[in-house]
Amino acid sequence: MDLRPLDYGFWAAGTILELLCVIWIWRRGLHRQLPWFATYLGLVLTADLAAWWLWHQVGYTDPKTFYIHWVFEALLLVARALVIAELCRDTLAAYAGIWKLSRLLLLAAATALVSFALGTAWGAREAWPAFIYSAQHGLEMATAGILLLLLAVCRYYRVPVRPVTLWVAFGLGFYAGVQTALLAALQIWGNASIPTFSLIRSASYLMALGTWLTAAIRARAEQVSGPVLLPVGLYEQTAPQVNEQLQKLNARLLEILRG
Amino acid sequence: MSEVLLYSLLAATLLALLAGLLRALVTSKDTEDIPLERLLPRHSQYFPALRPSLQAADAEFLRSQLPRDEFVRWRAERRRILRKFLAGLEEDCRHLTQMARTVSRLSPQVSRRYEFQLLWLQISFRLLYVLAWLRVSLDAATVRSVSELADRVGRLAAQVEAVMVALEPRARLRVDSPFNG
């Protein structure tokens, strides 16, 4: 299987951007703030260089290439899950109360989405490629879904999110969203569309890398102090009263409606 | 084919939501400090003064007494005032929920029950608000169906409330506060 010059161009651009990302992450000290993200990028870079070497030295059809490729895929999958968990912790852990609540919510959503993805893939286990596509599709959707839920929780509670965390989450979510659409479209247009979709996928990955690189370059080394939490008990006093006031507002609206 | 279309739509929705949330989080000004007194409900206290204008009997009486153009003017003015009042209630709701979320965010412990109750109350407020706005804006002919819908929402709210209480039977702390005025 021969690669086109454009494929080489995307490959080279991706590898260079990954390298730049890793360098800037280290320069800004972001590897201390987001260690799993730094590990993930390092792993992606290693996987790309390994793929390059395998492709040209060992050969595309060699079993060694097959196994190494899938080992890296599995490692990247785990690393990506850890990056998402890290983003959740990095954003919400300082807010003890809502962190406990949203951790449960995020875990439940992750379990449901991943179970759904694996369940759907299991239904297609007779054909190996269909199983892979199905699992990949479901997991990409789970990634986008969990990140979306995280951002929604941040928006709901007005949690200030560091720009670098926000852009890392956006890059991951954007790439997962594009992958979801492409994998769905692949089922309509079939294998003939693979080269085109592969280019779109590579372009979206470059955009995600560009987002991460910009975030890393703009990031400032800062020691962010955690929020000052309110005394225990204040919530227990306030929450029921606010809810009661909201009930009263709803009652007013009902009264207007009933005329 | 339909499943693929569904997935494509889902992916497009995910991307749109992601971009929307990112934009909202980047440009968010909600974390700015707002004085507490501005967050307390202010508009709902005027409701007793407005209540008579909601009575259908008044409208019927005026319709029979006033010339048509004056009655139309009266109705338009009444509608304007009620809409303004509704906007005030919406502001009260927004401020209250903003305060509640800030307290939740900064609390070392939050109750699942109160948080889900708060979320549900906001959703039911939104629903009722839209219905009330329609009730005020539309003609009398459609009012009955809107009222029935509102009753259903009200009953549903009561049921959800009962379920929440059953799920977490905790005594509610009641203290004097600026809310009870």
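Biologist: Where is Leu41(A) found?

Modeller: Leu41(A) is in helix H3 (residues 35-58) of chain A. Helices here are DSSP runs of H or I with at least four residues, strands are E runs of at least two, and both are numbered from the N terminus. This is a predicted model, where local features need pLDDT of at least 70, side-chain atom pairs count only at pLDDT 80 or more, and totals for chains, interfaces and linings use all residues. Residues are numbered from 1 along each chain as its sequence is written, chains are lettered from A and ligands numbered from 1 in the order in which they are written, and side-chain values use heavy atoms, with hydrogens and water left out.

Biologist: Why does Leu41(A) count as buried?

Modeller: Its relative accessibility is 1%, and buried means under 20% relative accessible area (exposed is over 50%, partly exposed in between, with a 1.4 Å probe and protein chains only). Leu41(A) therefore counts as buried.

Biologist: Which residues does Leu41(A) touch, leaving out those up to four places away in sequence?

Modeller: They are Cys21(A), Val22(A), Ile25(A), Leu209(A) and Trp212(A), where contact means heavy atoms within 4.5 Å. Val22(A) is 19 residues from Leu41(A) in sequence, with 6.6 Å between their C-alpha atoms.

Biologist: What about Arg158(A): is it buried or exposed?

Modeller: Arg158(A) has 16% relative accessibility, so it counts as buried. It is located in the loop between helix H6 (128-156) and helix H7 (163-189) of chain A, and has a positive phi of about 55° although it is not a glycine.

Biologist: What is the packing angle of H7(A) and helix H8 (residues 194-218) of chain A?

Modeller: The angle is about 175°, and the axes are 8 Å apart. Because of that angle, H7(A) is roughly antiparallel to H8(A); the word applies over 145 degrees, while under 35 is roughly parallel, 65 to 115 roughly perpendicular and the rest oblique. By class, their contact has 20 nonpolar, four polar and one charged residues.

Biologist: And how many residues of each chain are in contact between chain A and chain B?

Modeller: The contact involves 63 residues of chain A and 74 of chain B. About 6800 Å² is buried between the two chains, 70% of it from carbon and sulfur atoms; buried area is the accessible area (1.4 Å probe) that two parts lose on being put together, summed over both.

Biologist: How many helices and strands are in chain B?

Modeller: Chain B has seven helices and zero strands.

Terms used:
Axes fitted to C-alpha atoms, helices over the stretch in contact; angles between N-to-C directions. Nonpolar A, V, L, I, M, F, W, Y, C, P; charged D, E, K, R; others polar.
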